[in-house]
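The following paragraphs guide the reader through a single structure. Please keep the sequence and the three-dimensional view at hand while reading.

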Amino acid sequence: MTNRPQVRGVLFDIDETLVDLRAAMGTTLQGVSARELAHFTAADWDAYSHLFAADPQRHYDAYLAGHLGFADQRVLRVQHAREQTGLAPLDSDAARVWNEAYEEMLPLHFRAFDDVVPLLNELDARGIPYGAVSNNVHDYQRAKLDAAGLQRITVLVGTDTVGVAKPDPAIFLEGVRLLGTDPAQTLYIGDNLRVDAEGSAAAGLQGVWLDRAGSPSPVHQGGDAPAKGGYLTVRSLSEVAHLAAKQAAG
Ligand SMILES: [Mg+2]
């Protein structure tokens with residue numbers, strides 16, 4: 001039915017694909033401000049954590065574009081979450097203390113999703129190389145993978161590796177180069193439809209959208225994606241071994 005070339009390599013996004021960053025953020029946000037926000041209900045924490053993670057003001061994009069420092073984007077995100085939940089803004093000293101506490105606590109909560117290790121075991125068993133291409137800097141993501149127990153992912157490309165961020169094709173192609181595969185024979189899997197799935201497909205890889213939440217896929221699947229630059233959709237990484245196994249006969 002499809003004419004996808006056989007898969008000889010697999011590249012992954014990191015945050016929300018390999019590592020459950022949202023859960024780590026939520027636990028950390030609560031831990032850092034537990035005393036100050038002792039009056040928060042579970043619903044308050046949900047709303048606050050959701051605003052911080054969703055970043056509706058797109059401060060992380062401003063960081064990627066070089067307009068904000070990493071700590072600055074994080075502080076602006078929490079300030080927005082505070083404002084929206086009726087809290088006074090942190091002054092500069094309180095923001096610095098908050099950021100330091102957050103930075104210290106967050107890595108303690110980095111965990112790989114349950115479907116990651118079984119897939120990597122399967123890829124190892126088949127001799128298919130894999131790696132990660134991420135929109136954060138290399139050393140920060142190296143430490144994150146290690147903290148999440150994913151030391152075995154040795155190929156890692158960060159935004160500072162090639163000086164561009166996804167969806168620039170160059171960052172995907174650097175991952176492919178390090179794997180030693182052809183782009184057309186390499187899967188790229190990520191949770192961001194535009195940046196990961198469409199971006200990698202536009203760079204000539206086999207883009208795969210990891211839709212863990214199970215969005216109503218007919219809306220997205222192929223909706224505004226041209227057939228030529230199309231991507232595949234999976235709901236879990238456990239479906240990826242199947243994608244990599246297809247077309248084994250050519
Ligand atoms: Mg991601």
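Is Asp191 buried, partly exposed or exposed? With a relative accessibility of 29%, Asp191 counts as partly exposed, where buried means under 20% relative accessible area, exposed over 50% and partly exposed in between (1.4 Å probe, protein chains only). This is a predicted model, in which local features need pLDDT of at least 70 and side-chain atom pairs count only at pLDDT 80 or more, while totals for chains, interfaces and linings use all residues. Residues are numbered from 1 along each chain as its sequence is written, and side-chain values use heavy atoms, with hydrogens and water left out.

Asp191 belongs to a metal site. The magnesium ion is coordinated at 2.1 to 2.2 Å by Asp13 (OD), Asp15 (O) and Asp191 (OD). Donors here are N, O and S atoms within 2.8 Å of the metal (3.2 Å for Na, K and Ca); water is not among the atoms, so sites may look incomplete. Along the sequence, the donor residues follow the spacing D-x1-D-x175-D. Asp13 lies in the loop between strand 1 (9-12) and helix 1, and Asp191 in the loop between strand 4 (186-190) and helix 10 (193-202), so the pair ties together parts that are 178 residues apart in sequence. Helices (H or I, at least four residues) and strands (E, at least two) are DSSP runs, numbered from the N terminus. Asp13, at 6% relative accessibility, counts as buried.

Strand 1 also contains Val10, which is buried at 0% relative accessibility. The C-alpha atoms of Val10 and Gln185 are separated by 8.6 Å, although these residues are 175 residues apart along the chain. Neighbours within four places in sequence aside, Val10 is in contact (heavy atoms within 4.5 Å) with several residues, among them Leu123, Tyr130, Leu187 and Ile189.

A further aspartate, Asp211, is located in the loop between strand 5 (206-210) and helix 11 (217-220). Asp211 is buried, its relative accessible area being 3%. Beyond its neighbours within four places in sequence, Asp211 is in contact with Thr233, Val234 and Arg235.

Attention now turns to a pair of helices. The axes of helix 1 (residues 21-33) and helix 2 (residues 42-54) come within 10 Å and cross at roughly 120°. Axes are lines fitted to C-alpha atoms, for helices over the stretch in contact, and angles run from 0 to 180 degrees between N-to-C directions. Among the residues that meet are Met25 and Leu29 in helix 1 and Trp45 and Phe52 in helix 2.
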